[in-house]
Amino acid sequence: MALEFAHALIYVVDMDDMIDFYTNVLGFTVTDRDPIAGEGSPEVAFLTSDPNHHHQFAFLQTRKESGASNSLNHLAFRVGSLTDVKATIETLETDGRATKMAPVTHGNAWSIYFTDPEGNGLEVFCDTPFHVAQPQATSWDPNLDEAELTAWTEETFRDNGRFGPIGDFYSSQQELFA
Ligand SMILES: [Fe+2]
């Protein structure tokens, strides 16, 4: 049996603002939205960016306090390319509601970390061509093109004891999980 991570339920203060941010800025789709237990009860909304999941997030409008959750640091989403990560950065900058934006690389990922309008930590990343033993974290320059960034990433992490092609890492993981 393998446990596929499917969704997280987040308590929200402002349902409309959160749905607007997650749909119009991050590209999620609302699957369903209704009071959780009939008229007058808190609203729940289900959002996904994956056609194989009814929802990756459920938002429940019951939150009263503000600020970040004190136990969940961030949730991360992988996208298909560096172009997608850079487009996310541009969209977030244009929108202006995200805070704490930080481009971070773990050697095996080029990430943008940020918080949503209610302080929840998020990360959008793509794979780099490399596997690197973790933990690793340093900032990267989104102004570099993919060739420059790849060369810089290799230079920065190649002395890591487990540095190698990301494909080899995934292959070894598949054998491990087989
Ligand atoms: Fe992360």
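Predicted model: local features only at pLDDT ≥ 70, side-chain atom pairs only at ≥ 80, totals over all residues.
User: Where do H74 and E123 sit in the chain?
Analyst: H74 is in the loop between β4 (57-60) and β5 (75-78), while E123 belongs to strand β8 (residues 121-127), and this pair links distant parts of the chain, 49 residues apart.

User: Let's step back: how is the protein divided?
Analyst: There is a domain 1, covering 1-63, and a domain 2, covering 72-178, and the C-alpha centres of the two lie 25 Å apart.

User: How many residues are in contact between domain 1 and domain 2?
Analyst: On the domain 1 side 17 residues are in contact with 13 residues of domain 2, and the area buried between the two domains is about 1,300 Å², with carbon and sulfur atoms giving 65% of that area.

User: What about polar contacts there?
Analyst: Between domain 1 and domain 2 the count is 6 residue pairs in polar contact, both residues being at pLDDT 80 or more. On the side of domain 1 that touches domain 2, the elements giving two or more residues are β1 (8-11) and α1 (15-25), and α1 gives the most, with 6 residues. That side divides into 12 nonpolar, 1 polar and 4 charged residues.

User: How many salt bridges cross the interface of domain 1 and domain 2?
Analyst: The rule finds 2 salt bridges across that interface, whereas the count for the protein by this rule comes to 8.

User: What does R97 pair with?
Analyst: R97 forms a salt bridge with D20, where the closest N and O atoms are 2.7 Å apart, and R97 also forms one with D17, the closest N and O atoms again being 2.7 Å apart. D17 lies in helix α1 and R97 in the loop between α2 (82-95) and β6 (99-105), so that pair ties together parts that are 80 residues apart in sequence.

User: New topic, the backbone: which residues does the cis peptide bond join?
Analyst: The cis peptide bond joins Q134 and P135, with omega at about 5°, and P135 is found in the loop between β9 (130-131) and β10 (138-139).

User: And is phi of K100 positive or negative?
Analyst: Phi of K100 is near 55°, which is a positive value in a residue other than glycine, and K100 lies in strand β6.

Terms used: Residues numbered from 1 in each chain as written. Heavy atoms only, no water. Domains from an automatic or database assignment. Contact = heavy atoms within 4.5 Å. Buried area = accessible area lost by both parts, 1.4 Å probe. Salt bridge = Lys/Arg side-chain N within 4 Å of Asp/Glu carboxyl O. Polar contact = N/O pair within 3.5 Å; in protein donor to acceptor, adjacent residues only side chain to side chain. Helix = DSSP H or I, 4+ residues; strand = E, 2+ residues; numbered from the N terminus. Nonpolar A, V, L, I, M, F, W, Y, C, P; charged D, E, K, R; others polar.
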